[in-house]
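Welcome, and thanks for taking a look at this one. Please keep the viewer open while you read.

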Amino acid sequence: MVESSVVAQGSTLPSAAVSPIFSAFRIGNCTLRNRVVMAPMTRQFAQDGVLAPSAVDYYRRRAAGGVGLILSEGIATSEIAAHSATIPDFLTGAARDMWRSVVEAVHQEGGLIMAQLWHTGLGRIVEQAKHPDQLSVGPVDQYLLPDNPHAQGGNNHPLGHAMTIEEIQATVEEYIVAAKHAQDIGFDGIELHAAHGYLIDQFFWDQCNRRTDQYGGDIINRTRFAVEIIRGIKQRCGEDFPVGLRFSQWKLPFLYAVKAFPDPAALAAFLFPLAEAGVDFLDASTRRYWEPAFEGSDLTLAGWAKKITGLPSMAVGSIGLAGPLDVADMLTEVRPDADLSRIAAMIERDEVDLVGVGRALLSNPDWANKVKAGDVADLAPFNQQAMMTHW
Ligand code: PHB
């Protein structure tokens, strides 16, 4: 096999160490040219729900740079859903037209793009929102009660409004309408942001969801809101239209030590209803993709998600970055990681299927092509400038 390994060192084929990352992969009716996925990242360059025109080339560059699939920045499902006034949505023709230009640009470059649907619920930044006088909404009126051990220094979230059953059902419908807009615009699928303590996760997390009706209580009830959204989207958009789900152990605000699922059985009880409702892939959001999810096993959260459900699963969290990784500010430069053998091995042994790349792709739009070609010495570090510019 000397011959093939020589070929693999060439400039067009990836080196053996990273080649698993560059095999094609199928999700529903989509064929990804490789496993590299641009992770969803808030950029705050929209106004009145309309993306800045610079977004078209921003996304185009990552597709031209070889990414297989782009997960868009979070797209607000309603005005009250938006984190702040700089988040894009699908609520107007102008907003949808700009997204259509993005989708066309990505497709022209041979990439795929799915829309991440985002409702922040009680995690909305009220003072930066379009209508700060309006109450945020959630499963309850207060994210964490002041005496909750996770409520650092009391509850630093303003009071919101606990949704009635009718309001929950109207919010489910908003997700479905947003997914249908995504499909009509030409997106290749959607991802539900159901992580990090935002609205869907507020229903999931028992520390927040203190409802006593069918949307609170056991895990079947706490997943009901998400299940109704997933089922509704599948009904309206068709079974073939891929629906991904981003979930996480950690919660806002910066509650990185929270383990909402204390063991694999709890994770399974959570994932089964979602898988049964029709989720096509799981995006297991962590800050360090390699960390074991539970004691007693080296398996990662994305690895467990795949093992439990059999669904395609994406690892994400500091992929492509070497450190320092514990930076609290955006001023510290983070070095690129030239050694992708660990994530490649996870793909090779089928622990996970997809490689979610976030910050490294902000500094290196051509990250995928560079890694594939072995030009890793040219990778730029992540720094504040990458965060501030829409390039
Ligand atoms: C952020 O904008 O920093 C942000 C947005 C969504 C998340 C996490 C962080 O899920």
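Predicted model: local features only at pLDDT ≥ 70, side-chain atom pairs only at ≥ 80, totals over all residues.

Residues are numbered from 1 along each chain as its sequence is written, and side-chain values use heavy atoms, with hydrogens and water left out.

Let us begin with strand 16 (residues 354–357); helices (H or I, at least four residues) and strands (E, at least two) are DSSP runs, numbered from the N terminus. Leu354 and Gly356 on one side of strand 16, and Val355 and Val357 on the other, are all buried, where buried means under 20% relative accessible area, exposed over 50% and partly exposed in between (1.4 Å probe, protein chains only). Strand 3 (residues 36–38) pairs with strand 16 in the parallel sense over three bridges; pairing requires at least two DSSP bridges between two strands. Strand 13 (residues 313–316) also runs parallel to strand 16, joined to it by three bridges. Gly356 is the bridge partner of Val37, and Val316 stands opposite Gly356 too.

**The nonpolar cores**

A nonpolar core here is a set of buried Ala, Val, Leu, Ile, Met, Phe, Trp, Tyr and Cys residues joined through side-chain atoms within 4.5 Å. The largest has 99 residues, and Leu192 and Phe247 touch the most other members. Helix 4 (residues 165–185) gives the most to this core, with eight residues. A second, separate core of 16 residues includes Ala82, Leu122, Tyr198 and Leu255.

**The ligand**

Which residues are around the ligand? They are Thr42, Trp118, His193, His196 and Tyr198, counted when a heavy atom lies within 4 Å of the molecule.

| Residue | Distance to ligand oxygen |
|---|---|
| Thr42 | 3.1 Å |
| His193 | 2.7 Å |
| His196 | 2.4 Å |

The protein covers 62% of the 280 Å² of accessible area that the ligand has on its own, by the Shrake-Rupley method with a 1.4 Å probe; for residues, only the protein chains shown count as cover.

**A buried lysine**

Lys251 sits in the loop between strand 11 (243–248) and helix 8 (264–277). Is Lys251 buried or exposed? Lys251 is buried, with a relative accessible area of 0%. Its side chain makes a polar contact with the side chain of Asp201 at 2.7 Å, and the Lys251 side chain also reaches the backbone oxygen of Ser248 at 3.0 Å.

**Backbone details**

Pro253 lies in that loop between strand 11 and helix 8 as well, and the peptide bond from Leu252 to Pro253 is cis, with omega near -5 degrees. The bond from Gly323 to Pro324 is also cis, with omega near 0 degrees.

Asp48 is not a glycine, yet has a positive phi of about 50 degrees; Asp48 is exposed at 55% relative accessibility. Ser318 has a positive phi near 65 degrees, and is buried at 8% relative accessibility.

Methods. Polar contact = N/O pair within 3.5 Å; in protein donor to acceptor, adjacent residues only side chain to side chain.
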